[in-house]
Amino acid sequence: MKRPNIVWISTHDINPDLGCYEGVWPGAEYAVTPNLDLLAAEGARYDNAFASAPVCAPARSAIMTGCFPTAIGTMHMRTKAVPPPEVRLLPELFREAGYYCTNNFFTDFQVATPPTTFDDCSTTAHWRNRPDPETPFFAAFHGMVTHESRIYYSDEAFAEATVNVPPDARHAPEDAPLPPYYPDTAVFRRAWSRYSDLITEMDSWVGDILGQLEEDGLAESTMVVFWSDHGRGMPRAKRWPNEAGLREPLIVRWPGAIRPGTVRTELVHTMDLAPTMLKACGLPVPAHMHGTDLFDEAGNFADEPNQYVFAGRDRMDEAEDTSRTVRDARYRYIRHYHPDRSAMQHTQYPDHLATWAEFRSLAAEEAGQLGSGIKPNRLTELQRAVVAPGRPEEELYDVLADPHETVNLAADPAHAEALRRLRSALTDWQQQYGDLGLVPEAELIEQWRPGGKLRPTDTPQVFATAGGLVARCTTAGASIGWTLDSPGKEVQPAGPLDEVIGAPQKDGRRWQLYAGPFAPPEGADVWFRAWRLGYEPSLEVSIRPSQASGSNAPAPE
C-alpha cells in the first residue's frame, strides 16, 4: 500500500463534547458539530482516549514524542526540558523518511523545537507549499479557537471569535448540561454555552481544512486525525487529573483502510498516536517510545493496546503539585502526593477567569455564613470539595456508574480489590518508566543545565566524499541540518504569543534535515549545524565541495 499523507488537526481544551459522542459522553447532545460528526461517520471514533497530562504543553509533549512526560522530564507546565538523547520529535522522523512536514503554527511541546523538525513552521504552513506535488506530507494544524481564554472574552471579542456560528447554532445558557460539580449559576451557564459555541466555530475551521483536501483531490490518499490536547478549560477539568481533565475526542479517517462508522472502545493514550502514525506508514517505531500501536499499515486494529492508561499532574505554572492517576475500563484511581494542598491552588493565570472567580466568591460567601452561625447553602458538598483547602490522599471512582466522579470509593470495602490492583498498577508504571516528577525541580534543572547554562551541541564534522557530503555530530541525540542559505538574513523577532507557545524564531533560512550523503548544486556553499533537544545549538560549519581539500577521500571512521 502506498504510504498515506497525514493531516493532524488539533484543538485546545475540550472533552468529547461533539455530536458524534452523544450517548457516550454526558452533555454531547448539546453540541453542534456537523463536520466532525461526518468525519467520525467516515472513519473511526475512539470513545476512551486520554491525555497524559491535564494541561497543554506536557500533554502535547507526549503526543509529539510518544513518551510519558514524567519519564522524559516534560511534566511541569512551562519548562524547557532536556529529554534523553534518543527522544526526537515525531515530524522529524517523517521528514527523515522523505515526507514534507509542516506545522501551523505553534510548537508548545516543552522543548525548543529545532529547525530540522519541520520544512515549514509558520502561520502559512500547508501541504500546498511542498515543492513536488508527489511528495507525501505530514501537515499539522493546531487551532486556538477553543482555548479556555476565549470563553471569557468580552461580548464584542467573543462575537468576532465565533463569526461562523449562525444564530440557530448558538447554545442557550439555560439548556447547558452542567455537571453536578459546578454550581448552577449564570456565570457557569454562560461559560458552558460559550464553550460550546467555540466548539461549533472550531468545527467550521475543521470543515475548511477537510474541504481543502477535497479540492486538491487528496482526501482519499490522506489519513486525517483529530484530537484535543486535554479537557475543557474550567475548574475540575483542565489542570485536574480526573476524567474531565484527561478524556479527549479522537477521530481517525483513513479511506480504504479504516471502515466508515467504526467505533473503538479500547483504552488509548493520545501519546499512542506517535508510534501508530509511524507503523501505519510502514516506518520503524523507535524502541524508546512508550506509546502503543493502535493500528497497522493495513488499518488492522489492535484489540487491547492498553490494559491501563496513565497520567500525572505536576507543577501548574507557579502552583506546585504532584498527582498520579491510572484508569482501566471501569475505574479511575488518583494518588495525591500533597493532600494538604487544595486542588484549586491559587494560580495567577486561571484565577482571573470568571468560573474560577465564581467558585472562590461562593466559597468566601459560605465562609462568611459559617462565621455568622448560618449553615452554608450556596455549594453542595461535591462542589465545596473543588475549592477545599485539602483533598483525600487517594480517590477511586467507578466511572461507568459515576461518570462525573461524584463518589470517592477509596474507603469502600466493596471496591477494595480494585483499589489494591490500581495502586499496584500505578506503582509498577512509575518503576518501569521512572518518574521525574518526584525529583525536586531545582535538582532536575541543575542536572540539565549545570550552573544555569545550556550544554553545547558539538559542531558537526563534514566531509566531501565521492558519494557526496557526509556529516556527523559527536553529541548523542543530535540532529544535523544543512542549508544553502547564507547566514546574516534578518531575524524575525518573536511576538508575545510566540514566547508563550514556544514558536521558533525565524532567521529566514530553510534548514534541511541531514539524512545521509548528498550532492549539493555545483559550486554551492553548504552550511551545517546540529541541534540536540535541550542543548545550545552547535556552531555552524560551511563547505564548498568543489574546493574542498581531499573531497574524494572517504570520511574517517
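Trainee: In what order do the four strands of the open sheet stand?

Mentor: The order is S17-S16-S18-S19, with antiparallel pairing. Strands here are DSSP runs (E, at least two residues; helices are H or I, at least four), numbered from the N terminus. This is a predicted model: local features need pLDDT of at least 70, side-chain atom pairs count only at pLDDT 80 or more, and totals for chains, interfaces and linings use all residues. Residues are numbered from 1 along each chain as its sequence is written, and side-chain values use heavy atoms, leaving out hydrogens and water.

Trainee: What makes S17 and S19 stand at the edges?

Mentor: Strand S17 (512-513) and strand S19 (541-543) each have a single partner strand, so one side of each has no neighbour in the sheet.

Trainee: How do you know that S18 and S19 pair?

Mentor: Two strands pair if DSSP finds at least two bridges between them. S18 (residues 526-531) and S19 have three bridges, in the antiparallel sense. Phe528 stands opposite Val541 in S19.

Trainee: Why is the pair of Phe188 and Phe359 called edge-to-face?

Mentor: Rings of Phe, Tyr and Trp (its six-membered ring) pair if their centres lie within 6.5 Å; planes under 30 degrees apart are stacked, over 60 edge-to-face, the rest tilted. These two centres are 5.5 Å apart and the planes are at 75°, so the pair is edge-to-face.

Trainee: Which parts does this pair tie together?

Mentor: Phe188 lies in helix H7 and Phe359 in helix H10, so the pair ties together parts 171 residues apart in sequence. Ring pairs also link Phe188 and Phe359 into a cluster with Tyr181, Tyr182, Trp192 and Tyr195.

Trainee: Why is Cys67 called buried?

Mentor: Buried means under 20% relative accessible area, exposed over 50%, partly exposed in between (1.4 Å probe, protein chains only). Cys67 has 1%, so Cys67 is buried. Cys101, at 0%, is buried too.

Trainee: How do you know that Cys67 is in no disulfide?

Mentor: A disulfide needs two cysteine sulfur atoms within 2.5 Å. For Cys67, the nearest cysteine sulfur, that of Cys101, is 18 Å away. For Cys101, the nearest is that of Cys281, 10 Å away. The structure holds zero disulfides.

Trainee: What makes Arg45 count as sitting over the ring of Tyr21?

Mentor: NZ of Lys or CZ of Arg must be within 6 Å of the ring centre and within 35 degrees of the ring normal. The charged end of Arg45 sits over the Tyr21 ring, 5.5 Å from its centre. Arg313 lies over the face of Trp240, at 5.6 Å from the ring centre.
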